[in-house]
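Hi everyone, thanks for coming. Let me put the model up on the screen, and then I'll walk you through a few contacts.

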Amino acid sequence: MKRLTLAAMVMLAACAKDPDRDAAEEAKNNGVPSTPASDLPGHGSLAQDNTTKEGPRLLPAEVYIQAYLDIFGGLSPLAAELASRGKEGSALFDTWRDYLASLGMPDYEKDISRVTQTNAMMLATFERVGIALCDRAAERELDTTPRPALATRTVFGFEPTAAAPTEAEFAERFDVMHRTFIGYPAKLAETPRTARFFELYKSVVAKHTEKGAPASGLTPANAGWAAVCYGLVRHPEFHTY
Amino acid sequence: MDRRNFLKCLGGAGAAALASGPMLRALAEPSAGEGEFFVFIHASGGWDVTVGLDPRFEAKGLIDPATTRNLDTAALTRWKDGGAIEVGEQSFAPVQPAGSKLVFGPAIGDLADKYDRLTVFNGLAVNTVSHGDGTVFAATGRHLAGGRVPASSIDAIMANEFGVGQILPSVSVRFPSSFVGQHLDRRAMPLLVDGIGSMGRALARTNMNLGVDDRSAVTAMLSQEAQDLAKVSNDPSAMQGFALQLQALTKMTGGPVQTLFDSAKLQAAQPTFNYRAQYMGPVATNFAFAVEAMKANLVRSVAFAAGGFDTHNSSYVDQGQKQQELFDMIARLIEVLDATPHPTKTGRRLGEHTHIMVVSEFCRTPQINQTMGRDHYPNGSALVVSPKFKSNMAYGSSDPEQLLPRASGKFYDGERAATPADLLATFVGAFGVDPRKYMRDGEVIKEVLR
């Protein structure tokens, strides 16, 4: 009986949704009718490349390290290291040299080749570095009074709302960060990204607001924005092309 | 119901049938590698087998044996003068403990006493004298294709088969690890690092501003993002890999993993290894890491390199001591594993479930060159310590006068010397895995398996 139930469940699951049809339906509802390429002027005789394309590839480590430096203040590696360490020593950040191997940089002296695919240690290092960069950016751009001029902020290029943001208010601010880190408007993301980050923001703010919340160097709202920064600087699309 | 949906339903029915049939039961059965651990060591630079695993102590043919003139013998605990080569120049007496069928050179150190645990492969046809090519051949069973590594290395293979459930399936410290092919699970990707200590720093976290719950929430969300991106990707493997690795990350940054990458703590936990050894001192931490990581059941495979064997000139005098330090550490490793309880198998010891393989890219010339060193030579030896292998046994041999590989058995392509590919295929096959799943070349040498 259990086997029959299992078989029925798998069949139902397989029949339940048709993503292609859903996408077409959604496109129709959005008023963007699907048009075959051959119907477009000048495309009738053009060959179409239907071969399977490669999946996303990991950026060379130099690229995302340079991106870290550019986004988080345009500093030199040494200046960024000093700023990230701050007065807390190695609590947030050690030295770039400590992370180079796990970030995937080659070391020709030691005959270690470039890492071209992610591994768990690399993701751990993304997190370690991302936390340091985001925390310091939040301290610098959000947690000071008065806040620096909007034009000089490199990560949090918006004015936070005085009260808890509505979804629309959050989306407007999140979009600024999304364009900075990922390079395109958040609404074009292929995932429900804005909604997901809003949930993350709300959950972090709630955790930091509740009674008995652990001490933090950031206000609850700023902790929420720092978490959003964590998510973007570690996002798979940030590290791939 | 259109054709597409019909086929999908059919697929669903097929999956249901599989789920309830013998296939699932077969998948659920414990594999031959469950609870097993692997240690791979690359003696990098190309070791001189004539003082270790394939001894030569007579001047015969091309052979210039190691002597009191060309080797620093003072540090070698097993060196005994064996016969005059020239006036005032002595070669060595081979080392063969009572009961041993294996004969060693004087650099074997304490490992000689573990003869009943050893399987020695001599006369391996490495067919190269290039470091890069030989290194890749030793670890993957394939030569370099141009500059490209064309196959996965043995540590990645074993991690993929048996380690994806571990927090750290494969840790590689300067071992020539490679991860090639779409069919491998991304969690088995070897963690390539240049030192154990540097990994600890990447895992350190502070709750200064955000806490562990906040970080976990970010990681969980990113994992979901990666899974969703995989669904819309032509090639979902990269994003699937991201998602799986993010799931593993939560386990890595909490609990005992960070302690595992602290050199000082490792040395305190495993004082038996010689951290002050002149040449292999830094490598000792890797041995300690292997034991502690296996003891805590966090890894499946630990691979590392022990360097310094590329002695083209007068530095050859230290070749014996370098090998001895490495072999002594392997002897200590065997002892520690024998004394350490298995983390999941009650009443068993790690030594009963740990499989060690030591390889090098090639060996060194039988002749001493004009600068008192030995150059690269297309022959190789390897060492296996594994309960799956027959021990106190040497397989294959090299020419007594030229030190070149001799035919060791019949393979599907005729009688020939075994190659590193055969050794790796045998290692993989010992655990019930078809080597063809990962390797183009290589045959299982059944006569060395229990």
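Let's start with R234(A), which forms a salt bridge with E127(A), their closest N and O atoms being 3.2 Å apart; the rule wants a side-chain nitrogen of Lys or Arg within 4 Å of a carboxyl oxygen of Asp or Glu. Before I go on, some housekeeping: this is a predicted model, where local features need pLDDT of at least 70, side-chain atom pairs count only at pLDDT 80 or more, and totals for chains, interfaces and linings use all residues. Residues are numbered from 1 along each chain as its sequence is written, chains are lettered from A and ligands numbered from 1 in the order in which they are written, and side-chain values use heavy atoms, leaving out hydrogens and water.

Now, chain A is divided into domain 1 (56-154) and domain 2 (162-241), with bounds from an automatic or database domain assignment. The contact (heavy atoms within 4.5 Å) takes 21 residues from domain 1 of chain A and 16 residues from domain 2 of chain A. The C-alpha centres of these two domains lie 19 Å apart.

How much area is buried between domain 1 of chain A and domain 2 of chain A? About 1700 Å², with carbon and sulfur atoms giving 68%; that is the accessible area (1.4 Å probe) the two parts lose on being put together, summed over both. On the domain 1 side, R57(A), C134(A) and D143(A) supply 26% of the area buried against domain 2 of chain A, more than any other three residues. Across this interface the rule finds 1 salt bridge. Thanks, friends!
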